[in-house]
Amino acid sequence: MKLLYPLVACSLLFLLSPTLAAELIPAEAPLAGKRVVFLGDSITQAGGYVTFVDYYLERLYPEQDFDIYGLGLASETLSGLSEKGHAGGAFPRPCLFERLGRLLERVQPEIVFACYGINDGIYQPLEAERFAAFQAGVKQLIAQCKAAGVQQIYLVTPPIYDATTEPEEFNYDRVMTKYAAWETSLNEPGVQVIDLHTAMRKARDAQDEVFSKDHVHPGEAGHLLMAKTILAALNVDVPNDSFETIKADPVYQAVDRLRKHRSSHWMKHIGYSREKVVTPEPLGDTEEVASKLKDSINSLRREG
């Protein structure tokens, strides 16, 4: 009978203190059980930060399932603008809205992350029409996603333009700061803004090493910072692992293989226009292979 008293006391505590009870019950992991798509330009297509996000969720919440697609396209914008001579004059920048309708219909995401802006300013000084085109593109993205049934949209402000200039010289990062500030001012139901730009600028100012050797495309450290910024916004505490530790983890290796596999095949299934038109093609055995990769990930992270 003595064993019953702690159980009764615990039950009463839960009844009398809902807040404490909520704290004691493990919360569901963010993004768990949802179909999640990451949209963006070449940084998202490169996919390092998408892999890091997925890896840490898989590792930190081994009993929960995640379904993440990285579907970025190099050079892409929301604004529909392109500078003269882009890619040596070979082709104009693609615009997300050429493919977004097909993507939403075929992938049917419940959650969308979108990181745009770095290409939308066309690497030129701040100008009202270009800024307005980006703002209109963000609003169209939100409206189109909501109309397709997306439950939650995360707007990730653009990364920094990683260049050091004299005060009187033009620095494109000041344009990105304006774009990011406008995004953070948005107050839309079902939309959360993750201010990557401010976090990245703060981190860059505290170190001598650049994140992006070409000023635009972050290396591994930049991608990991992007992932940690996103995860922090989702209230996920990430351990301070070295790249060597992360990359040696078989779970990371399997998650990266899954992202690359899905990205390459789903991009062709959706279709897109860039330097050429890629017409939509069947998925084939894409998801059967993905399912086997997921089984491998689950076996690795749940062993023991």
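This briefing describes selected features of the structure shown above. The model is a predicted one. Helix H4 (residues 48-60) and helix H9 (residues 220-233) pack against each other at an angle of about 50°, and the structure holds 13 aromatic pairs. Two residues other than glycine with a positive phi, His215 and Asn235, are also described.

**Packing of helices H4 and H9**

- The axes of H4 and H9 lie 8 Å apart, and the angle between the two helices is about 50°.
- H4 and H9 are therefore oblique to each other.
- The crossing in which H4 passes H9 is right-handed.
- On the H4 side, the residues that meet H9 are Gly48, Tyr49, Phe52, Val53, Tyr56 and Leu57; on the H9 side, their partners are Glu220, His223, Leu224, Met226, Ala227, Ile230 and Leu231.
- Sorted by class, this contact of H4 with H9 comprises 10 nonpolar, two polar and one charged residues.

**Aromatic residues**

- The structure contains 13 aromatic pairs.
- In the pair formed by Phe134 and Trp182, the ring centres are 6.2 Å apart and the planes stand at 70°, so the pair is edge-to-face.
- Phe134 belongs to helix H6 (residues 128-147) and Trp182 to helix H7 (residues 172-184), so this pair ties together parts that are 48 residues apart in sequence.
- Phe134 counts as buried because its relative accessibility is 0%.
- Trp182 also counts as buried, with a relative accessibility of 15%.
- One aromatic cluster is formed by Phe38, Tyr49, Phe113 and Tyr154; Tyr49 is also among the H4 residues that meet H9.

- Val193 is located in strand E5 (residues 191-194).
- With a relative accessibility of 23%, Val193 counts as partly exposed.
- When neighbours within four places in sequence are left aside, Val193 is in contact with Leu155, Thr157, Glu183 and Thr184.
- Val193 and Ala87 are separated by 106 residues in sequence and by 31 Å in space, C-alpha to C-alpha.

**Loop residues with positive phi**

- His215 is found in the loop between helix H8 (196-205) and H9.
- The phi of His215 is near 80°, a positive value in a residue other than glycine.
- His215 counts as partly exposed, at 31% relative accessibility.
- Asn235 is found in the loop between H9 and helix H10 (243-248).
- Although Asn235 is not a glycine, its phi is positive, at about 65°.
- Asn235 counts as exposed, at 68% relative accessibility.

Terms used:
Residues are numbered from 1 along each chain as its sequence is written. This is a predicted model: local features need pLDDT of at least 70, side-chain atom pairs count only at pLDDT 80 or more; totals for chains, interfaces and linings use all residues. Side-chain values use heavy atoms; hydrogens and water are left out. Axes are lines fitted to C-alpha atoms, for helices over the stretch in contact, and angles run from 0 to 180 degrees between N-to-C directions. Helices (H or I, at least four residues) and strands (E, at least two) are DSSP runs, numbered from the N terminus. Angles under 35 degrees count as roughly parallel, over 145 as roughly antiparallel, 65 to 115 as roughly perpendicular and the rest as oblique. A crossing is left-handed if the near helix is turned anticlockwise from the far one by less than a right angle, and right-handed if clockwise. Contact means heavy atoms within 4.5 Å. Ala, Val, Leu, Ile, Met, Phe, Trp, Tyr, Cys and Pro count as nonpolar, Asp, Glu, Lys and Arg as charged, and the others, Gly among them, as polar. Rings of Phe, Tyr and Trp (its six-membered ring) pair if their centres lie within 6.5 Å; planes under 30 degrees apart count as stacked, over 60 as edge-to-face and the rest as tilted. Buried means under 20% relative accessible area, exposed over 50%, partly exposed in between (1.4 Å probe, protein chains only).
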